[in-house]
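Please look over the sequence and the model shown here before reading on. The paragraphs that follow take its parts in turn.

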Amino acid sequence: MSARNRVSSLLPDFPWDTIASVKAKAATHPGGIVDLSVGTPVDPVDPLIRTALSSASAVPGYPATHGTPELRAAAVDALKRRYGITGLDPASVLPAIGTKELIAGLPRLLGLGADDLVVIPEVAYPTYEVGALFAGAQIVRADGLTQLGPQTPALMFVNSPSNPTGRVLGVDHLRKVVEFARERDVVIASDECYLGLTWEGRAVSILDPEVCAGDHTNLLAVHSLSKTSNLAGYRAGFVAGDPALVTELLEVRKHAGMMVPFPIQAAMTAALSDDTHEAQQRERYRVRREVLRKALEQAGFRIDHSEAGLYLWSTRGEACRTTLDWLADRGILAAPGDFYGPTGTEHVRIALTATDERIAAAAERLTAAA
Ligand SMILES: Cc1ncc(COP(=O)(O)O)c(C=O)c1O
């Protein structure tokens, strides 16, 4: 295959390869590694969801790309109940095979190309950049609209609460983003993966009536069930918002066969219709966060932002790879901030996604180091 045809050559190096040696060092700790480098859920899927999955497992036919009416209605109801989002028509909900694929495909699905600009946060979930690169679009990293000057992007990703920083954008900030979208005809893709995991203050959706006054034009909210319902392995998410944009995405995705399997749709419907398991999971993370936060602070770390989400954005005021080494000496693996953007170089991202036992082990090692 010629280099010209190799899509992978357009993409950044897979960053996780660069921490392989630090991971190997952490794994030699006599008490075993505490891997806090990735945000993968460790608690089991709720029986209510598993029952829904298996009850739909005998259905032989193709699932609808648009999802079942039950799933779309459950999504609308959950967004209203959990986040106060109103005015959403079930037709304006579209399931995704996990939101990573949707985000990676979005710029291309919206028809962006070399003349288009995509805005991503300064430190960001890497898939926003990947999506823009797939489309061959230009990329600018910016957290504030003033940084953009007169440029008019075609698409802007916002992510509140943020991965990796846990930063929450307030209502005023998001209102300005919406105004900007209207003035310059920019599509806003708001990745709201962590909206249900807010610890301090309040995080709101781009579709919150306080933010958009009920007008969803140019706005897309992206919701994952991976973290709030432990469904990372099921691949379950959806996008909702501007009816015209959702219809366009549906048309394209229908042609490409981007269908969520029917049993997963049934599982998603059950998960979105029940808030009890979601609250239980949030409580597990809240407890782990308290334990880890206290231990990190005792060990001399400063924790920035992190008012929501599944990570503690932590620094010792030194290069992140030095901190990574220090943690690995104690058998703890974190993700270096430089994975997420050039301004992340003095932070490490420490995930709350480990069992209570592993979180306690990490806390003990950190406190012993203090
Ligand atoms: C900010 C953000 N968006 C989207 C995703 C993707 O989630 P999924 O593809 O599991 O829905 C993640 C996963 O870690 C994330 O952190």
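**Helix packing and local features**

Helix H2, formed by residues 47–55, packs against helix H9, formed by residues 262–272, at an angle of about 150° and with the two axes 7 Å apart; axes here are lines fitted to C-alpha atoms, for helices over the stretch in contact, and angles run from 0 to 180 degrees between N-to-C directions. Helices (H or I, at least four residues) and strands (E, at least two) are DSSP runs, numbered from the N terminus. H2 and H9 are therefore roughly antiparallel to each other, since angles under 35 degrees count as roughly parallel, over 145 as roughly antiparallel, 65 to 115 as roughly perpendicular and the rest as oblique. Their crossing is right-handed, a crossing being left-handed if the near helix is turned anticlockwise from the far one by less than a right angle, and right-handed if clockwise. On the H2 side, Leu48, Ile49, Ala52, Leu53 and Ser55 meet Pro263, Ala266, Ala267, Thr269, Ala270 and Ala271 of H9, where contact requires C-beta atoms, placed from the backbone, to lie within 7 Å. By class, this contact of H2 with H9 has nine nonpolar, two polar and no charged residues (Ala, Val, Leu, Ile, Met, Phe, Trp, Tyr, Cys and Pro count as nonpolar, Asp, Glu, Lys and Arg as charged, and the others, Gly among them, as polar).

This is a predicted model, in which local features need pLDDT of at least 70 and side-chain atom pairs count only at pLDDT 80 or more, whereas totals for chains, interfaces and linings use all residues. Residues are numbered from 1 along each chain as its sequence is written.

A second pair consists of helix H1 (residues 20–27) and helix H11 (residues 320–329), which pack at an angle of about 25° with their axes 8 Å apart. That angle makes H1 roughly parallel to H11. Val22, Lys25 and Ala26 of H1 make the contact with Leu324, Asp325 and Ala328 of H11, and the residues of this contact divide into four nonpolar, no polar and two charged.

Turning to the ligand, 13 residues surround it, and the closest are Gly98, Thr99, Lys100, Ser224 and Ser226; a residue counts as near if its C-beta atom, placed from the backbone, lies within 6 Å. The shell around the ligand divides into three nonpolar, eight polar and two charged residues.

Most residues other than glycine have a negative phi, and most peptide bonds are trans. Against that background, a cis peptide bond joins Ser160 and Pro161, with omega about -10°, and Pro161 is placed in the loop between strand E5 (155–158) and helix H6 (171–184). The peptide bond from Asn163 to Pro164 is also cis, with omega near 15°, and Pro164 lies in the loop between E5 and H6. Ala213, although not a glycine, has a positive phi of about 55°, and its place is the loop between helix H7 (209–212) and strand E7 (219–224).

Methods: Two residues are in contact if their C-beta atoms, placed from the backbone, lie within 7 Å.
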